[in-house]
Amino acid sequence: NRQIFLDEGQRILGCPIEVIDGEEEARLIYRGVAQLLPPGAQRRLVVDIGGRSTELCLGQQRQVLQARSFAFGSVTWALRHFPDGELSAQALSQAEAAVADIIAPEAGLFAAGQWSHAYGSSGTAGAIVKVLAHAPGGTAGWITRQGLDWLHAQLLRAGHVDRVNMDGLKEELRPMIGGGMSVMRGIFSSLGIERMRVTHGALRHGVLYELAHKLDAQAKGRQRQSAGT
């Protein structure tokens, strides 16, 4: 019912709704993250794991060099690999391997050596970093390979999402933690990431900055036209 939803949304809002594709989403995510980072010439990797898609973005300053979107996320992986809530070693391993298989054709574009710093954006990264802040040796604001190994062990020990009980994890996110952790670990392994800084920048910031830039360009264009007449 996509078109029904769009028609009704446009009627209520009184303005057209633009639907963006995955790579455009990745580009806007990078812009939203880059705008809120200190200026620097180093290349940056941005990883955004949502509920149903994952975006990988490589950029320098505010320029996007590579952007890809993949049709998996914390919710899709939880439903596909842990449908009954069981968190077995086999299911977790298969979930991570499936991530690696999907991104393998593009992994070279985003692998370690292509960037200096890795950043996590939005939902899944935010949920994981809050849990890891309570892990032994955890550092606020950072996701590390060691931290993900600790989280993996905690989920194995729980054995089922109903028994997962960790500080920093919101109740509504508990059913998706296995899916989100598996996607994150799969990306860390595939791209050679050792640690990742979680940022506040996200898609919404990129959209707002893009709109502001367009409005500013339009205003300057009108000013030039007025000056010419």
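The following is a working chat about one predicted protein model.

Me: How are residues numbered, and which cut-offs apply to a predicted model?
Reply: Numbering starts from 1 along each chain as its sequence is written, and in this predicted model local features need pLDDT of at least 70, side-chain atom pairs count only at pLDDT 80 or more, and totals for chains, interfaces and linings use all residues. Side-chain values use heavy atoms, with hydrogens and water left out.

Me: How many helices and strands are in the protein chain?
Reply: The protein chain has 9 helices and 6 strands. These are DSSP runs numbered from the N terminus, with helices being H or I of at least four residues and strands E of at least two.

Me: What share of the residues is buried?
Reply: Of the 229 residues, 44% count as buried. Buried means under 20% relative accessible area, exposed over 50%, and partly exposed in between, with a 1.4 Å probe and protein chains only.

Me: Turning to α2, what span should the helix have, and what do its end C-alpha atoms give?
Reply: Helix α2 covers residues 22-35, and its 14 residues should span 20 Å at 1.5 Å a residue; the end C-alpha atoms are 20 Å apart, which agrees. The expected span is 1.5 Å times one less than the number of residues.

Me: Which residue caps its N-terminal end?
Reply: D21 does, with a side-chain oxygen 3.3 Å from the backbone nitrogen of E23.

Me: What do the buried residues of α2 pack against?
Reply: They pack against the strands β1 (43-49), β2 (54-60), β3 (63-70) and β4 (117-121), and against helix α9 (203-228). Among these buried residues are L28, I29, Y30 and V33. Contact here means heavy atoms within 4.5 Å.

Me: Now I128: where is it, and is it buried or exposed?
Reply: I128 sits in helix α6, residues 122-132. I128 is buried, because its relative accessible area is 1%.

Me: Which residues does I128 touch?
Reply: Not counting residues up to four places away in sequence, I128 touches I143, L148, L151, I177, G180, M181 and M184.

Me: And H152, buried or exposed?
Reply: H152, in helix α7 (residues 145-158), has 15% relative accessibility and therefore counts as buried. Leaving aside neighbours within four places in sequence, H152 is in contact with L92, E96, M181 and R185.

Me: What about V207 in α9?
Reply: V207 lies in helix α9, and at 30% relative accessibility V207 counts as partly exposed.

How values were computed: A polar contact is a pair of N or O atoms within 3.5 Å; within protein, one must be able to donate a hydrogen and the other to accept it, and residues adjacent in sequence count only if both atoms are side-chain atoms.
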